[in-house]
Amino acid sequence: MSAPTPPRASIPRSGARQFAVSVVRQPYIWAVVALLLLIVINLIKDPGYLGISVNATTGNLSGNVIDILRASAPIMMIAIGMTLVIATRGIDLSVGSVMAVSGAVSMEFMNSSGDGSVGGAILAAAFAIGISAVLGAVNGVLVSIVGLQPFITTLITMLAGRGLAKVITSGQNTSASNEPFRWIANGTVFGFPVVFVIGAVIVAIVAVLIRRTALGLMIESIGINPKAARMAGIRPIGILISVYIVSGILAGIAGIFSTASVMTVEVAKTGLSAEMDAILAVVIGGTSLAGGKFSLTGSVIGALLIATLDKTIVFLAIPSSATPAFKALVIVVICLLQSRRVRALFNQRRAPRTPSAPTAPAPTAPRTTRKETVSA
Amino acid sequence: MSTLIERPLSGPSGSPAPARPTPLSRLKPKLETLPTLAAVVIFIGMIVYGEIAYGRIVQFSTVSNLLINNSYLIILAVGLTFVILTGGVDLSVGAVIAISSLVGVMLANQGWNPIAVVVLMILIGSAFGLASGILIQFFNVQPFIATLAMMFLARGLAAMLSTTPERLADDSPIRSLSTEWKVIDGPKINDLVITPTVLIAAVVVIVAFVVLHRTRLGRTVYAIGGSEQSALLMGLPVVRTKLLIYVISGTLAGLAAVVYTSKLGIAQNITGVGWELDAIAAVIIGGTLLTGGAGFVLGSVVGALVLGLMNVLITRDGSIPPEATTIITGGILLVFVLLQRLVVSRKRKT
């Protein structure tokens, strides 16, 4: 549904126009439109919404935009991991539970050691991320070697993970005090929230690893056609396992982000339905759930959109438990815009002179501007 | 024997890897029922273990409670069996229960006719199912995403209606659906009790069984799950059936909301969080393949009862921390999925 546009080199265009066309043709264009729309809604409510003020003494930036960046960091982490998993035709439902496990492990660790130093924080974080990686590896092994379906595999780890988090803390919401750990969520670097900076760096690392090496191509080829990928000499097992491990690690980091801000893990609530947010961010970002082509940029924009949506709902004084309804609206509208039936309608209007423009979007229609896999 | 005669004829004609007939090919029909049989075996094993370890399992009151407490889960599992048989999934059922029961309780408390309320509650479910079906069938949205959207929508709308528990009036006729009828009057409190809700669940199961195994619709459901393309080429009404499947699932979710509301009398916007996962687990434990095409609705009932009995045993045991319940559910699910995997790979080899 969302394959990036192949370059159309039919008519020579000026550079600026070409750029504009390429931006409009991006799979995540509707996410950008939705993001702008939300910002406009906020600006109507409060014209000074985008204002950023600088605290003169500490140099910290503050404002709604900074809040959104801070809130988007955990969603961004799990969305990036989810993008890679979905690109291999998989899905990772366990990220929310892994977040809870990671938070539980780090909080329990710092609570029992009572170590308030930087070393204690690093150790706790490393421990939490390590366990998250193990959970991701379990997913990966079950999916790639045993050959279970990703949906059911990660459903199992989702159920078991939530239970594990509860067992680790004996069902209690555990708190700990460790200033360096708290700094991760509440501190600032050059005025920007630490979480966002860490998040951006991690996204950049993942993007470079994936896009500057053949890894991204391999992941896409597994998602497009696993059999063909294997025949082309790609070993799917290693790549699948590493993709799930990366998703686990990123979920662990997200868990640290979201527990560090309050220094408490709420075992029943931390990361609850986070997997839905992540999937939402990925789908909004234009990556097809059917696997194959993926867009990391799109997922980052999707994560920003979700964070903005969450904040907007609160800003408009709508009860935050009603947020899912608006998320549903966003999913439905974006899915409709991406669907062939609606796009055919648009194309028809744009090019009315095309001979024999089919009124019904028959799957065999040869006149498609985008390369699409015909799915039944 | 017919396979043995036909194989050598079709083998050399160009299929890349002619399958060798093995003794296992004769086991094929049995292999498909293996996961369901395993579920039955485990269910019986749990009963035996529970009776030996804790006692008072095989008695009327425990059986009655098991049925009464799980009637809504059985109804949900039946609905999901239809969906999963076609290779789809419906994540919205838990949230549909929340909004349906919330609307029902609020309207009933405002003095609406109880029958109208019940009908409306069921229709709310149908409407959400229809919306999922339209998104999936006409706009090519994946079942996962479409029903996820409906889940969010239902949850969000429920939160807009009320975020506090709404209590059904004590004298509301809807509560009468959970009146306890003594069928067998045992000693002390050991009675065999059933409620109208249990009967509703039983009727749902019987109708679903007949529809799936004795009607054209049921055949089409299995055919779509086997291969949607082939079903389409065979001229089966794929579009209509898939649409209907999601309406059935939604409608049954609405019915489950009626059953649940009548039992508890309280509705809240967070009612039913994660029930879709319980129902999916019940269906899979019952032996339905997640890829679709194979499974039994009676298996799903057993699956739901296995989950219910597990909760009873954990409560009885007392030494297992309740936090570990979901780990055990996950473990049971893993065992059954591995079993399915084994069956599928055996089937491919034969």
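Leaving aside neighbours within four places in sequence, which residues is B:Ala154 in contact with? Contact here means heavy atoms within 4.5 Å. The answer is B:Ala95, B:Val96, B:Ile99 and B:Phe128.

Some ground rules before I go on. This is a predicted model, where local features need pLDDT of at least 70 and side-chain atom pairs count only at pLDDT 80 or more, while totals for chains, interfaces and linings use all residues. Residues are numbered from 1 along each chain as its sequence is written, chains are lettered from A and ligands numbered from 1 in the order in which they are written, and side-chain values use heavy atoms, with hydrogens and water left out.

Let's stay with B:Ala154. It sits in helix H6 of chain B. Helices (H or I, at least four residues) and strands (E, at least two) are DSSP runs, numbered from the N terminus. B:Ala154 is buried, at a relative accessible area of 0%. Buried means under 20% relative accessible area, exposed means over 50%, and partly exposed is in between, with a 1.4 Å probe and protein chains only. B:Asn269 is 115 residues away along the chain, yet the two C-alpha atoms are separated by 9.2 Å.

Now the whole of chain B. It has 13 helices and 4 strands. Of its 350 residues, 52% are buried. Take the contacts between residues at least 6 apart in sequence: 74% of them join residues at least 24 apart. The accessible surface is about 15500 Å², and 67% of that belongs to carbon and sulfur atoms. Those areas come from the Shrake-Rupley method with a 1.4 Å probe; for residues, only the protein chains shown count as cover.

B:Ser101 is in helix H4, residues 93-109. Is B:Ser101 buried or exposed? It is buried, with a relative accessible area of 0%. A polar atom of its side chain lies 3.2 Å from the backbone oxygen of B:Ala98. Beyond its neighbours within four places in sequence, B:Ser101 is in contact with B:Met121, B:Ala257, B:Thr261 and B:Ala267.

Next, B:Ala304. This one is in helix H12, residues 297-317. Not counting residues up to four places away in sequence, B:Ala304 touches B:Leu73, B:Ile74 and B:Ala282. B:Asp278 is 26 residues from B:Ala304 in sequence, and 8.0 Å from it in space, C-alpha to C-alpha.

On to the partner, chain A. There are 15 helices and 6 strands. Buried residues make up 47% of its 376 residues. Among contacts with a separation of 6 or more, 75% are between residues 24 or more positions apart. Chain A exposes about 16800 Å², with carbon and sulfur atoms supplying 67%.

How do the chains meet? Chain B brings 40 residues to the contact, and chain A brings 43. The area buried between them is about 3600 Å², and carbon and sulfur atoms give 81% of it. Buried area is the accessible area (1.4 Å probe) that two parts lose on being put together, summed over both.

How many salt bridges does the rule find across the interface of chain B and chain A? It finds 0. A salt bridge is a side-chain nitrogen of Lys or Arg within 4 Å of a carboxyl oxygen of Asp or Glu. Polar contacts do turn up: 5 residue pairs, both at pLDDT 80 or more. A polar contact is a pair of N or O atoms within 3.5 Å; within protein, one must be able to donate a hydrogen and the other to accept it, and residues adjacent in sequence count only if both atoms are side-chain atoms.

Which parts of chain B do the touching? Helices H5 (114-139), H6 (143-161), H11 (275-285) and H13 (325-349) of chain B each supply at least two residues of that side. H6(B) gives the most, with 13 residues. The side of chain B that touches chain A divides into 27 nonpolar, 10 polar and 3 charged residues. Ala, Val, Leu, Ile, Met, Phe, Trp, Tyr, Cys and Pro count as nonpolar, Asp, Glu, Lys and Arg as charged, and the others, Gly among them, as polar.

Last stop: backbone angles in chain A. Most residues other than glycine have a negative phi. A:Arg89 has a positive phi, near 70°. It lies in the loop between helix H3 (64-87) and helix H4 (95-113), and is partly exposed at 43% relative accessible area. A:Ala317 also has a positive phi, near 60°. Its loop runs between helix H13 (296-315) and helix H14 (323-338). At 66% relative accessibility, A:Ala317 counts as exposed.
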